[in-house]
Amino acid sequence: MPFDTVVAKTVEYLKIPSVVGFEKVFLDHLSKDFENLGLQVRKKPGLIEVRGRDPKSHIISAHADRHGLVSMGDGRFSYAAQYVRLKKYLEENRQSRMVLKAINERFIGEEVYAYDKTFGDVIGQGVIDRSELNERSGHAMFYINGYETEDSNIPVAYARNTEVNGNLVRGQIDNVVSLGIIYVLYQNGFQGTALLTTEEEIGKSWIHMKKWLKENKVHTKNLFILDTSPYREKDPIQNNMVVLRNRDKNGIFNPELTQKLIERCDYLFLPYQVKDDYFLKLGLTVENLGSTELGQLVKGTEGRWNGATIQIPTTEYHTSYETTSRGCIESYYRLLSDILIENPITEE
């Protein structure tokens with residue numbers, strides 16, 4: 001069954017580190033994995049391009065980076081998203097007290113390991129035992145019991161792997177589960193193009209996607225962006241939902257394409273939720289809708305490119321305990337398989 005292969009690939013992929021800004025080892029693995037399916041794979045700045053026999057038929061995308069830490073060379077370890085954004089893009093990523101507290105809770109007590117950023121070899125490991133939350137600078141710094149280094153710029157990843165417990169799948173599955181789905185889609189006949197992007201966790205993956213679309217002279221508003229979608233409540237997971245969106249806080253997605261996805265879910269009897277509709281009915285504002293890769297692309301290109309998001313709901317977002325269900329994975333795959341392989345949605 002597709003579910004078993006998706007989970008197997010999720011387990012496999014999570015064993016390979018991919019801290020944001022230090023994704024090379026994982027990208028090398030993905031390249032070989034998709035090449036072994038007989039697909040054409042090209043490495044581009046910020047992404048991997050995977051092409052089937054009909055690359056113009058559909059373009060799908062999922063990100064390959066994950067959260068982690070980076071050594072500062074003085075016994076402290078910075079939250080990688082803050083570190084990379086400042087070092088590479090010269091942008092401060094100041095966090096509120098609430099966000100700093102959430103970041104702290106994600107890591108304290110976690111087993112982690114440092115890895116060689118070129119080859120992936122484990123070069124140290126330990127347990128995060130304390131942190132400093134600097135509200136003035138908006139930064140979080142961590143200390144690892146069992147591992148210290150005088151070298152800076154060394155990535156540190158979660159050590160916890162995927163767990164399958166009955167109906168639940170748990171691990172740092174954002175967005176490894178979508179990469180597993182893409183692998184299985186190609187196994188079962190998908191022939192379009194997949195863009196596996198980096199730096200989504202610092203809000204920069206859309207830049208790499210934009211460059212690729214421009215260089216390849218692609219004109220489309222039918223991009224399909226795959227991701228996980230965070231929830232505090234468990235209802236979407238318990239009800240095996242697919243998550244769709246009309247928009248995020250940055251922009252409006254292709255309404256015709258989103259409507260087709262809604263109609264296809266109805267036709268396939270798949271449970272789904274349009275997340276922005278749900279939040280707005282609760283009295284939240286557009287600013288509360290969050291930021292997505294597609295929304296950033298729409299905003300950053302003034303709508304030159306657009307599409308739709310298809311997401312899988314999870315709880316414990318951005319932790320090593322992020323959780324979804326077998327039913328959600330099956331609904332997710334069923335919709336994607338139908339619109340991309342069995343009864344393709346094409347651009348008019």
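These legends describe several views of one predicted model.

Local features need pLDDT of at least 70 and side-chain atom pairs count only at pLDDT 80 or more, while totals for chains, interfaces and linings use all residues. Residues are numbered from 1 along each chain as its sequence is written, and side-chain values use heavy atoms, with hydrogens and water left out.

**View 1**
Helices (H or I, at least four residues) and strands (E, at least two) are DSSP runs, numbered from the N terminus. The C-alpha trace spans about 55 × 50 × 45 Å along its principal axes. A compact globule of 348 residues would have a radius of gyration near 20 Å, and the 19 Å of the protein agrees with this. That radius is taken over C-alpha atoms, and the globule rule is 2.2 Å times the number of residues to the power 0.38. Of the 348 residues, 57% count as buried; buried means under 20% relative accessible area, exposed over 50%, and partly exposed in between (1.4 Å probe, protein chains only). Among contacts between residues at least 6 apart in sequence, 76% join residues at least 24 apart, where contact means heavy atoms within 4.5 Å.

**View 1. Helix H1 covers residues 2-14.**
The 13 residues of H1 should span 18 Å at 1.5 Å a residue, and the end C-alpha atoms are 18 Å apart, which agrees. The expected span is 1.5 Å times one less than the number of residues in the helix. Buried in H1 are Phe3, Val6, Val7, Lys9, Thr10, Tyr13 and Leu14. Seen down the axis of H1, these buried residues fall within an arc of 160°, so they line one face of the helix. The arc is that of the directions from the helix axis to the C-beta atoms. The packing partners of the buried residues are helix H2 (24-35), strands E10 (163-165) and E11 (168-170), and helices H5 (176-187) and H11 (326-342).

**View 2. The largest nonpolar core has 56 residues.**
A nonpolar core is a set of buried Ala, Val, Leu, Ile, Met, Phe, Trp, Tyr and Cys residues joined through side-chain atoms within 4.5 Å. Leu30, Phe34 and Ile310 touch the most other members. H5 gives the most to this core, with 9 residues. Not counting residues up to four places away in sequence, Phe34 touches Tyr13, Leu39, Val41, Val50, Leu179, Ile182, Tyr183, Tyr186 and Leu196. A second, separate core of 28 residues includes Tyr79, Ile103, Ile144 and Tyr147.

Cys265 is buried, at a relative accessible area of 0%. Cys328 is also buried, at 0%.

**View 3. Pro313 lies in strand E16 (residues 307-314).**
The relative accessible area of Pro313 is 0%, and the residue is buried. Leaving aside neighbours within four places in sequence, Pro313 is in contact with Ser229, Tyr231, Pro236, Ile237, Met241, Val243, Thr323, Thr324 and Cys328. Pro313 and Tyr332, 19 residues apart in sequence, are 9.6 Å apart in space, C-alpha to C-alpha.

**View 4. Asn222 sits in the loop between helix H6 (205-215) and strand E13 (223-230).**
Asn222 counts as buried, at 11% relative accessibility. Beyond neighbours within four places in sequence, the contacts of Asn222 include Ile59, Asn254, Leu257, Asn306 and Ile345.
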